[in-house]
Amino acid sequence: MTTIRQRRVGKGTEAAEDQPSEETNVKPDGKILPDPPGRKVWNILSITIGGIVAISLGLLTSVYVATLHENDLWFSNIKEVEREISFRTECGLYYSYYKQMIQAASIQQGLHGLVYDNKTESVRTINILERMNVYQEVFLSILYRILPIQQYLEPVYFYIYTLFGLQAVYVIALYVTSWLLSGTWLSGLLAACWYITNRVDTTRVEFTIPLRENWALPFFAVQIAAITYLLRTHLQPAQQRLTLMAVFIATFLFSLTWQFNQFMMLIQALALFILDCLDMLPTAKVTWLYIIQISGLLLVCVLQFFNSMILGSLLISFNVSVLIARTIQKNLKTGGLLNRLGKLILHVLLVLCLTLLINKFIKKILNLESDEHIFKFLKAKFGFGATRDFDANLYLCEEAFGLLPLNTFSRLSSTLLFYVYGFVLFLLTVAAVIVAFRNLRGSDQVHFKEKKEEYTVTLKPDAAYSLVHTVLFGCLALSTMRMKYLWTSHMCVFASFGLCSTEVWKLILKCLHLYTSQRTQVIRYSIPIITLLYIAFKFWPGIMDELSELREFYDPDTVELMNWIKSNTPNTAVFAGSMQLLAGVKLCTGRTLTNHPHYEDKNLRERTKQIYQIYAKRSPGDVHGILRSFGTDYVILEDSICYERRHSRGCRLRDLLDVANGHIMDGLGENEPDLKPSLYPRFCEEIKKNLPSYTMHFTRVFQNKTFHVYKLAKHK
């Protein structure tokens with residue numbers, strides 16, 4: 001009886017459509033046979049067709065989301081102020097810097113205005129390039145200025161078309177990742193189709209164009225594709241160097257374009273750490289990936305004028321701790337099962353302790369408090385004690401930061417994506433557990449038999465990484481709805497790879513005692529094709545209806561407000577109000593703000609809480625004093641906030657302010673026993689009565705159905 005020895009994971013081979021497996025390409029004496037001429041031609045033809053399909057699908061996706069955006073807003077027909085208002089909340093703030101760079105007298109003056117900005121936060125000069133991830137706006141504005149396109153293309157179209165173009169990069173990267181994992185471009189085609197048909201849950205680019213994630217996620221997808229290729233075995237040294245360079249560039253661009261990059265890459269580093277501990281990835285490649293993450297983030301830190309939040313990130317502390325711990329524990333992967341488990345537990349504890357110590361030391365040295373609101377939010381979210389912290393509750397009460405709604409799964413199931421994903425996830429998780437146990441046990445002999453033939457359950461390094469990646473990002477998405485786009489896009493890749501994978505079907509058929517090579521090949525191609533036909537039949541009519549549906553932007557109250565501000569207030573006027581509205585005020589009018597939606601700064605968070613006292617129960621004198629301390633000339637009150645009904649009691653902005661101020665909330669319901677009634681009525685309601693105590697501080701200068709603007713007296 002022939003015994004097949006276990007293949008070590010780091011030395012396995014992968015069968016690919018464009019690269020024959022060793023089983024069919026190796027003589028019994030171990031010599032590698034050259035590819036037959038016919039097979040070479042077929043590989044070239046397959047790669048060419050697959051590449052054309054990838055590029056075509058990417059471009060079609062780009063055109064698709066651009067068309068949806070145009071049809072939803074009639075963007076080409078509305079006025080410039082309406083176009084700018086359509087960039088809601090923080091989107092408008094980011095786009096305002098692109099507009100500022102375009103309108104500057106020169107590139108040098110534009111950059112100077114960003115480095116020494118005194119209009120984003122009144123009575124303060126801040127460095128926008130340090131505080132915010134807006135290098136993409138800077139690059140795009142410079143590109144627009146130097147290219148001979150001004151006569152043919154408006155700046156706003158150059159901007160949005162770039163974002164829609166990145167969607168093509170995104171889809172191509174997902175396609176290539178699935179292709180690399182499965183060995184057939186049919187898998188990539190299925191992944192792209194799933195991404196498009198599940199658009200509601202895979203992207204929101206068509207209505208939040210300038211959002212940082214829409215810049216960053218395409219580069220993250222490229223990075224994952226490059227890592228997938230890097231984890232293939234038998235790469236030539238030149239191939240490995242080029243792939244590492246691609247991983248570094250993609251990591252750098254991802255880090256440069258999104259302020260939450262460190263948290264996403266921390267999850268990625270955890271995936272690498274888990275797999276390395278279980279001996280399922282080559283240690284040398286994992287080390288390179290750790291170093292690339294650190295170096296990419298440090299380079300961004302330099303470009304952002306040594307942003308302290310980056311230096312104090314958990315990612316840098318964790319990666320450094322892993323490298324130190326590995327140096328201390330050199331014989332981590334030797335010994336029997338119990339011996340290795342003991343070493344692993346010590347290793348994990350050592351890494352955890354080092355991470356916390358290094359991170360605390362860095363934050364102490366730098367006096368870093370910029371990200372404390374995130375940890376307060378996480379502590380409250382996962383039940384480690386209730387909090388009255390205004391910033392933490394502001395996040396907790398937003399739907400985007402809540403749990404993933406259950407109807408998400410029904411939408412994903414309608415395209416069969418979630419069913420296939422669950423099926424593949426179960427199979428590969430079982431395979432991963434078997435491989436991990438075998439690796440920890442250190443056994444070289446295979447103990448899985450099928451009649452007279454012995455065989456091994458294997459999991460390639462790239463598939464193992466994809467598995468842990470999707471599990472960790474799935475946990476993130478389940479806990480925080482806003483992060484679902486990181487999971488659902490990879491879900492398309494993972495499900496399509498499993499459906500087209502030779503290894504998956506081989507494992508299933510051998511368990512059912514039905515395995516033959518021909519049967520495996522028939523199934524791995526026929527089932528994806530049937531799935532594609534089902535998707536096309538069910539969703540093509542709906543996509544056509546969606547593309548034919550025409551709507552128009554309509555927000556007359558906000559348009560009226562912006563036009564009034566531009567016509568009736570001086571250019572140096574300072575405006576206070578809600579973060580979301582003020583971002584639009586800066587973009588549409590260029591006026592100075594007291595606060596804005598980019599919340600990653602402790603001073604700004606404290607300032608915002610003070611400005612929001614306009615919706616709390618405070619005296620007119622107190623509110624006037626607070627606003628004037630920030631140089632406010634005008635304050636904008638919104639009925640939609642003052643009389644909010646969108647959130648339930650306890651989550652309305654006025655409720656959060658009442659609790660933070662120690663006051664009883666409005667309406668029927670329970671209050672915490674130590675809360676007291678306020679001595680004053682709610683400011684945003686009482687000011688409209690024009691009482692003398694209010695009119696001596698505030699004069700109403702504008703009003704419509706939604707907004708009330710008051711000018712502040714300067715006698716105090």
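Helix axes are lines fitted to C-alpha atoms over the stretch in contact, and angles run from 0 to 180 degrees between N-to-C directions. The model discussed here is predicted.

On this basis, helix α11 (residues 237–257) and helix α12 (residues 261–277) pack with their axes 8 Å apart, at an angle of about 140°. Because angles over 145 degrees count as roughly antiparallel and those of 65 to 115 as roughly perpendicular, α11 and α12 are classed as oblique to each other. On the α11 side the contact is made by T251, F254 and S255, and on the α12 side by N261, M264 and M265. These contact residues comprise three nonpolar and three polar residues, with no charged ones.

T251 of α11 has a relative accessibility of 0% and therefore counts as buried. Leaving aside residues up to four places away in sequence, T251 touches Q223, M265, I292 and Q293.

| Partner of the T251 side chain | Distance |
|---|---|
| Q223, side chain | 2.9 Å |

At the level of the whole chain, the domain assignment gives domain 1 (162–372 + 389–443 + 456–512 + 519–537) and domain 2 (556–712). The centres of domain 1 and domain 2, taken over C-alpha atoms, are separated by 42 Å. Contact between the domains involves 13 residues of domain 1 and 17 residues of domain 2.

Key
Residues are numbered from 1 along each chain as its sequence is written. This is a predicted model: local features need pLDDT of at least 70, side-chain atom pairs count only at pLDDT 80 or more; totals for chains, interfaces and linings use all residues. Side-chain values use heavy atoms; hydrogens and water are left out. Helices (H or I, at least four residues) and strands (E, at least two) are DSSP runs, numbered from the N terminus. Buried means under 20% relative accessible area, exposed over 50%, partly exposed in between (1.4 Å probe, protein chains only). A polar contact is a pair of N or O atoms within 3.5 Å; within protein, one must be able to donate a hydrogen and the other to accept it, and residues adjacent in sequence count only if both atoms are side-chain atoms. Contact means heavy atoms within 4.5 Å. Angles under 35 degrees count as roughly parallel, over 145 as roughly antiparallel, 65 to 115 as roughly perpendicular and the rest as oblique. Ala, Val, Leu, Ile, Met, Phe, Trp, Tyr, Cys and Pro count as nonpolar, Asp, Glu, Lys and Arg as charged, and the others, Gly among them, as polar. Domain bounds come from an automatic or database domain assignment.
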